[in-house]
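Subject: The two-chain model, with notes

Hello,

Here is the model I promised to pass on. Have a look at it first, and my notes follow below.

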Amino acid sequence: MSMQEKYPATSTTRDGWGAFLHGLKRVMREPLGAVGLFLVVVMVFSAAGADFLAPYDPNQINIRAKLQPPSAGHWLGTDQLGRDIFSRVLFGGQIALQVSLVAIGLALAIGLALGLIAGFGPTWLDNGMMLLFDAVRSFPTVMFALAVVTLFGPSLTTVMIVVVVTQIPIYGRLVRSQTLALRDAEFIQAERSMGADFFRIIFKHILPNVIGPLLILASMDIPFVITIEAGLSFLGMGVRPPTPSWGTILNDGYSFIYNTPWPIIAGGLPVILTTLGFTFLGETLRDVFDPKLRKDI
Amino acid sequence: MWMYFGKRILLGILIVVVSVSLLYTMIHMVPGDPAKTLLGPRASPELQAEIREKMGLNDPLPVQIVKFLGRVAVGDLGQDVFKNKPVYTIVFEQLPHTIYLVLSGIGWAILVGVPLGCVSAVNRNGVVDRVIGLISVSCIAIPTFVVALYAVLVFAVTLKWLPAIGAGDGSFASYVWHLVLPAFALGLGWVGYLSRLVRASMLEVMGESHVRTARAFGLPEPMIVLRYVLRLAVLPTITLIGMGIGILISSAVFIEIVFARPGIGRLIFDAVTSRNYPVVMGSVLVTTILFVVSTTLADLINAILDPRLRSRR
């Protein structure tokens, strides 16, 4: 029996699907986790199915029906151009989901690579990268976002750039510290002494140990990213009108706050429910799978 | 100890230098001539040349950065060519408004959040603890600008209890009156943060031997909690607030825009929308320095309180 079979790199004994179901059960057992999962599932489905679920075209203008309160025809009322707010909220969810998935995915990939380089590389490189990470983190996020918007102009891409750049240091740091801790661990030394090459060590041993906490951290970052997208769009620095986004709905609502409360209520609720959902789910995932992370946050 | 302090302060300075250079490079990567952008398309070539010279745009980029850093070191943040006023003056006119906002927001959050965390820890895993926990996590999760919008909607527009916009007519009472809603919106998330943090650190302290000793001596429980547990447990909150200054400043941007208040957040927002680069640079720089100073201070305080941290990498 080889060393590898005797001491598997990770402690998972179930196969992928079984482990997933088992984890799901554990999350559902926690009331907060179940509520979070429910909210997240609702959000994801309504955003993904916006094309089928939305009763109206989100950009269809009908001035004669402007600023209406909720009714059977318009579940969440209409905005200042008579557009159906419910349809806009559904399509706004698409934007929020798109930004979170694409931006966090990119940030994860780059952060992972940089963190591995910092952890495995020479000390000067490590120190240099940590300094760069700290420098990037030292801009308050919104300030950084405003500076980026000055450069590239407001757009969905700008929002994603902001998210990716501000999140990379967080993931990079986590990967680096885990890599540093593992680099000289006994089982890695054993692997190395048996002639394992660099890539085997990284993909077979470091990665499986790093990916769990990284994904939990990323799931807890989704509300933050949704907030950034909605916030920047609210300021007029993110998604451009007429594209529906929760932020632009809130912005429109704010301009007409003395005429009708409904756009603000309708634009704010999905933001609140989604951030709550992802927060509850993320916290439960962390508590269930990796209680050690609790201390670092 | 001094070695650690020196290193940490040096690192702080280095971070400011690196981030200023990054920002400077970024702003100068912008396509087009800043002088032209500033003056508009109809400006005469002579005027453009004059402004270029005035802004030091004829030097190579690294020279510009070093010159800029040199000026910053002596407190010169450049000139706002629109208003023909030093950027320094403009920034420091607006800064106090933001500082009052941040202090009052964090102030009420401490007054509510710390006792909540305390009650939570004492009733660990009870119903009260769970309810407080749920409220705290919800407070943290809801974005500040949504809280601000809902606060305006409920308390200013619907109930008409409090003013929605502005910073008052100049009198102290009206200034404070106009600060109530913004401070509420800014602080709400921090109530959650602080209550979670105080709860966690109190539970940690409660397990320590000096608390067991106090119990063994038969001291009354309230006295133990207030005198021996809470005193130690509030220390991490100092660090959290120091570290959180960046989040606070970010939230202040939204708050100042929703409530149409003067302040550094609004200043940066206006400067960005009008592409007023000197003001963008100056105000972002000041907030970055503020942020680095407060995180460094928080780190140093932490090092004094917890000697174990000093030896860490």
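Two residues are taken to be in contact if their C-beta atoms, placed from the backbone, lie within 7 Å. Please keep in mind that this is a predicted model. The predictor gives the complex an ipTM of 0.81 and a pTM of 0.82. For chain B the mean pLDDT is 82, with 92% of the residues at 70 or more.

The chains one by one

Chain B is built from 14 helices and two strands. Its 313 residues include 37% that are buried, and its C-alpha atoms fill a box of roughly 85 × 55 × 35 Å along the principal axes.

The box filled by the C-alpha atoms of chain A, taken along the principal axes, is roughly 75 × 45 × 30 Å. Among its contacts between residues at least 6 apart in sequence, 70% join residues at least 24 apart.

Where the chains meet

A helix pair in chain A

Helix 7 of chain A also packs on helix 8 (residues 156–183) of chain A, at an angle of about 135° and with the axes 10 Å apart. Because of that angle, helix 7 of chain A is oblique to helix 8 of chain A. The crossing of the two is right-handed. From helix 7 of chain A, the contact draws on Thr141(A), Phe144(A), Ala145(A), Val148(A), Val149(A) and Phe152(A), and from helix 8 of chain A on Thr158(A), Ile161(A), Val162(A) and Thr166(A). Seven of these contact residues are nonpolar, three are polar and none is charged.

A helix pair in chain B

In chain B, helix 7 (residues 144–158) and helix 12 pack with their axes 9 Å apart, at an angle of about 25°. Helix 7 of chain B and helix 12 of chain B are therefore roughly parallel to each other, angles under 35 degrees being the ones that count as such. This crossing of helix 7 and helix 12 of chain B is right-handed. On one side are Thr144(B), Phe145(B), Ala148(B), Leu149(B) and Val152(B) of helix 7 of chain B, and they meet Ser251(B), Phe254(B), Ile255(B) and Val258(B) of helix 12 of chain B. The contact of helix 7 with helix 12 of chain B has seven nonpolar residues, two polar ones and no charged ones.

Most residues other than glycine have a negative phi. Asn125(B) is not a glycine, yet it has a positive phi of about 65°. You will find Asn125(B) in the loop between helix 5 (87–122) and helix 6 (127–141) of chain B. Is Asn125(B) buried or exposed? It counts as exposed, because it has 9 C-beta neighbours inside 10 Å.

Ala260(B), also not a glycine, has a positive phi of about 50°. Its place is the loop between helix 12 (245–258) and helix 13 (264–273) of chain B. Ala260(B) has 11 C-beta neighbours inside 10 Å and therefore counts as exposed.

Asp129(B) lies in helix 6 of chain B. It counts as partly exposed because it has 16 C-beta neighbours inside 10 Å. Which residues does Asp129(B) contact, leaving aside its neighbours within four places in sequence? They are Ser120(B), Asn123(B) and Arg124(B). Asp129(B) and Ala156(B), 27 residues apart in sequence, are 32 Å apart in space from C-alpha to C-alpha.

Notes
Residues are numbered from 1 along each chain as its sequence is written. Chains are lettered from A and ligands numbered from 1 in the order in which they are written. This is a predicted model: local features need pLDDT of at least 70, side-chain atom pairs count only at pLDDT 80 or more; totals for chains, interfaces and linings use all residues. pLDDT is the predictor's confidence in each residue, from 0 to 100. Axes are lines fitted to C-alpha atoms, for helices over the stretch in contact, and angles run from 0 to 180 degrees between N-to-C directions. Helices (H or I, at least four residues) and strands (E, at least two) are DSSP runs, numbered from the N terminus. Angles under 35 degrees count as roughly parallel, over 145 as roughly antiparallel, 65 to 115 as roughly perpendicular and the rest as oblique. A crossing is left-handed if the near helix is turned anticlockwise from the far one by less than a right angle, and right-handed if clockwise. Ala, Val, Leu, Ile, Met, Phe, Trp, Tyr, Cys and Pro count as nonpolar, Asp, Glu, Lys and Arg as charged, and the others, Gly among them, as polar. A residue is buried if 20 or more other C-beta atoms lie within 10 Å of its own, exposed if 12 or fewer, and partly exposed in between; C-beta atoms are placed from the backbone.
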